[in-house]
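Student: I am new to this structure. Can you walk me through how to read its features, one at a time?

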Amino acid sequence: MHALIQGVILGVLTGGVYALMASGQTLIFGIMKVVNLAQGALVILAAYLAYQLFTSFGIDPFLSIPVTTVVMFALGVVVQLLFLRPLRPADRAELSLLVTFAVALLLEGVMSVTWSTTRRSINTGYANGSWTVFGYQVTVVRFWAFVLSLAALGLLYLLLDRTRFGRAVRATVQNPDSARLLGVEAERVSAFGFGLGAATAAAAGSVYGLLYPFNSGSHYDLISRLLSIVVLGGLGSVGGAVVAALIVSTSSAIVAATVSPAWSEMTFFVILIAVLLVRPQGLFGKVGRGAI
Amino acid sequence: MTGAVRGAVLFGALIATPLVGLQHWALNLLVFVLMFAVMSSAWNLIGGFAGYPSLGHAAFFGMGAYTLGLLCKYQHVTTGYEPFLWLPVVGLVAALIGWPIAAIAMRTRKDVFAIVTITLLFVVQTLAFNLRGITGGAQGLALPIPPFPAATYEEPFYYVLVGLLAVAMLLTVGVMRSKVGLALAAVRADEDKARGIGVRTTGVKVLAFSVSVGLTAMVGGVWAYYESFIYPQFAVDPLITIAIVLMTFLGGRATLWGPVLGALVLEAGQQYLAYRLGGSQFYLIAYALVFLLIMLLLPRGIVPTVADRLRRRRARSTRVAPAVEGRTA
């Protein structure tokens with residue numbers, strides 16, 4: 001029982017970080033109908049940036065987030081303009097999968113060359129600190145990671161809910177054609193949307209670097225988890241992604257605590273298959289939108 | 001030149017090539033070109049004709065490799081050629097595993113299919129590492145060492161792969177000329193409408209996927225025996241998926257010759273790159289850049305683009321000829 005509850009605590013705290021990564025990915029899908037296979041690589045790249053700022057200048061990863069976010073936002077816009085915009089609309093959905101896969105490999109190659117493939121971790125003074133609450137361990141880093149993720153998600157919510165840009169994004173998600181007719185500039189929304197997706201990856205990446213050791217190949221571990229989460233939440237639904245991240249992360253932490261860590265990797269896939277069998281559109285997805 | 005003649009020329013050349021006494025490196029390169037030609041042709045069945053881009057074919061390549069490895073381990077292989085005889089079983093196993101996965105993954109839309117297949121790829125890799133009792137985990141799995149004479153070591157693998165390529169290309173021709181191909185084209189163009197007018201979309205999609213992954217697994221089996229020792233990170237490698245997809249795109253999707261041409265160009269180019277860049281990480285960057293360039297500059301592939309050019313030129317010359325006749329008459 002103790003192991004189980006400890007697993008749940010761990011799962012919920014980690015789930016917050018995954019929620020942040022997945023929200024960016026599902027946002028990109030919602031706006032452009034692009035499944036961004038490079039999201040994991042963007043997260044790892046942000047983790048490296050935070051690592052570099054910490055080791056070279058001693059800037060705390062939590063404090064460097066504004067910097068990495070801006071850099072990654074710009075990178076996201078560049079990726080959209082260079083690689084995704086030129087695709088013909090007819091086969092954009094199909095080609096974008098392969099193009100973002102290629103971008104992921106490109107980033108992996110660049111990261112391997114820049115930082116080698118040695119596993120890195122960001123060792124701050126508080127990296128190993130932990131509190132004991134009612135007999136359960138809560139590590140300091142994981143707690144703040146969770147808080148930060150919630151804050152970033154809150155900001156994202158405000159941005160989408162309260163600003164003109166957010167309204168344009170929501171209009172595009174709901175109905176791209178009507179949005180265009182009403183004067184929403186699709187290309188600009190797409191570019192900003194991809195940038196925003198990369199920016200959430202940046203915030204999540206700094207935290208990821210604090211939580212786990214990583215190398216350039218780590219994005220492979222991330223991508224299948226993120227994809228399972230966005231499918232479970234319903235492709236395009238940011239709220240769904242948050243709920244799904246908590247579900248998936250908690251259940252895999254429980255499996256790791258009660259069965260074995262080796263099988264917790266499988267949890268994602270089992271959940272994915274189960275979702276597709278029972279509710280193919282995901283928990284909060286709409287039926288038919290963007291269907292083949 | 002008709003299709004049959006073109007095919008006869010290709011396979012005549014393929015059968016004759018080892019007889020001229022090639023160096024080992026050249027024959028080794030051809031073995032890999034053939035492996036990717038078969039797998040790209042197989043991928044083309046589902047990714048090209050049906051327009052369902054599978055990103056998980058490397059998982060089935062790996063399954064094939066491990067299935068053959070395990071069959072050899074438990075069946076007490078007696079002769080050097082016996083592992084080849086088990087290849088149909090390897091293909092069948094993969095097709096049977098692929099069937100339910102396809103049936104579930106293809107229920108919604110193409111994005112979800114791509115997501116399920118790429119997730120499958122990483123799950124299978126994790127399993128290959130974690131199921132130590134069966135796969136040997138990171139220690140790898142040994143196959144019997146092929147007892148072929150060193151001088152002609154590559155030849156048995158080469159000819160088996162030529163046979164598999166013939167199967168893959170005949171299947172492709174069969175698809176192109178049959179109702180199945182028509183149904184797949186309808187799925188690619190507009191699946192909802194196709195289902196509406198009574199095309200059995202689910203059936204043909206799942207069939208195409210199963211045949212496709214079955215062939216891919218058989219290549220995995222040949223590869224495993226050729227290498228005679230397999231490790232999870234090489235048997236289930238995302239780069240294999242990427243290579244297969246890229247070759248099909250470069251040559252031309254939904255064509256007979258595109259995947260074969262793509263495999264020839266890219267595998268040769270890849271070995272050259274690996275040789276020049278020494279397998280370093282620059283190799284990954286170069287590969288990704290080539291991929292992006294092909295997607296952006298030549299999204300339809302070589303064969304359809306060239307065919308279009310030729311057709312336009314022929315159309316122009318035939319249009320001119322009658323006009324001239326008309327004027328003289």
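Student: Let me start with one residue. Is A:E185 buried, partly exposed or exposed?

Tutor: Keep in mind that this is a predicted model. A:E185 is partly exposed, because its relative accessible area is 48%. The cut-off for exposed is over 50%.

Student: Which residue does A:E185 form a salt bridge with?

Tutor: The general idea first. Side chains of opposite charge can pair when their charged atoms come close. Here the partner is A:R188, and the closest N and O atoms are 3.7 Å apart.

Student: How many salt bridges are there over all chains?

Tutor: The count comes to ten. Some of them join up. B:E191, B:D192, B:R195 and B:K205 are linked in a network.

Student: How do I read that network?

Tutor: Take it pair by pair. B:R195 bridges to B:E191, with the closest N and O atoms 3.7 Å apart. These two residues sit four apart in helix α9 (residues 179-196) of chain B, so about one helical turn separates them. B:E191 also bridges to B:K205, and there the closest N and O atoms are 2.6 Å apart. That pair ties together parts 14 residues apart in sequence, because B:E191 lies in helix α9 and B:K205 in helix α10 of chain B.

Student: Now the aromatic rings. What should I look at?

Tutor: A pair of aromatic rings is described by the distance of the centres and the angle of the planes. Over all chains, this structure holds 26 aromatic pairs.

Student: What kind of pair do B:Y153 and B:Y226 form?

Tutor: A tilted one, with 6.2 Å from centre to centre and 35° between the planes. B:Y153 is in the loop between β1 (141-142) and α8 (155-177) of chain B, and B:Y226 is in helix α10, so this pair ties together parts 73 residues apart in sequence. B:Y153 is partly exposed at 22%, while B:Y226 counts as buried at 10%. Both belong to a cluster linked by ring pairs, whose members include B:F32, B:Y81 and B:F157.

Student: What about nonpolar residues in general?

Tutor: In soluble globular proteins, nonpolar side chains tend to be buried together. The largest nonpolar core here has 198 residues. Those touching the most other members are A:M21, A:L37, B:V116, B:L165 and B:W223. Beyond its sequence neighbours, B:L165 touches residues including B:F11, B:L34 and B:V260.

Student: Where is there a nonpolar patch on the surface?

Tutor: Look at chain A. A:W131, A:V133, A:F134, A:F143, A:W144 and A:V147 form the patch, with about 610 Å² of accessible area together. Helix α5 (140-162) of chain A gives the largest share, three residues. A:F134 sits in the loop between β1 and β2 (136-139) of chain A. A:F134 is exposed, with a relative accessible area of 80%.

Student: Last feature: backbone angles. What stands out?

Tutor: Most residues other than glycine have a negative phi. A:K33 has a positive phi, near 60°. A:K33 lies in the loop between α1 (2-32) and α2 (39-57) of chain A. A:S116 also has a positive phi, about 55°.

Student: Where is A:S116 placed?

Tutor: In the loop between α4 (92-115) and β1 of chain A. A:S116 is partly exposed, with a relative accessible area of 29%.

Methods
Residues are numbered from 1 along each chain as its sequence is written. Chains are lettered from A and ligands numbered from 1 in the order in which they are written. This is a predicted model: local features need pLDDT of at least 70, side-chain atom pairs count only at pLDDT 80 or more; totals for chains, interfaces and linings use all residues. Side-chain values use heavy atoms; hydrogens and water are left out. Patches are made of residues with over 30% relative accessible area and no salt bridge: like charges are joined within 9 Å, nonpolar side chains (Val, Leu, Ile, Met, Phe, Trp, Tyr) within 5 Å. Accessible areas come from the Shrake-Rupley method with a 1.4 Å probe; for residues, only the protein chains shown count as cover. A salt bridge is a side-chain nitrogen of Lys or Arg within 4 Å of a carboxyl oxygen of Asp or Glu. Buried means under 20% relative accessible area, exposed over 50%, partly exposed in between (1.4 Å probe, protein chains only). Rings of Phe, Tyr and Trp (its six-membered ring) pair if their centres lie within 6.5 Å; planes under 30 degrees apart count as stacked, over 60 as edge-to-face and the rest as tilted. A nonpolar core is a set of buried Ala, Val, Leu, Ile, Met, Phe, Trp, Tyr and Cys residues joined through side-chain atoms within 4.5 Å. Contact means heavy atoms within 4.5 Å. Lists of a residue's contacts leave out its neighbours within four places in sequence.
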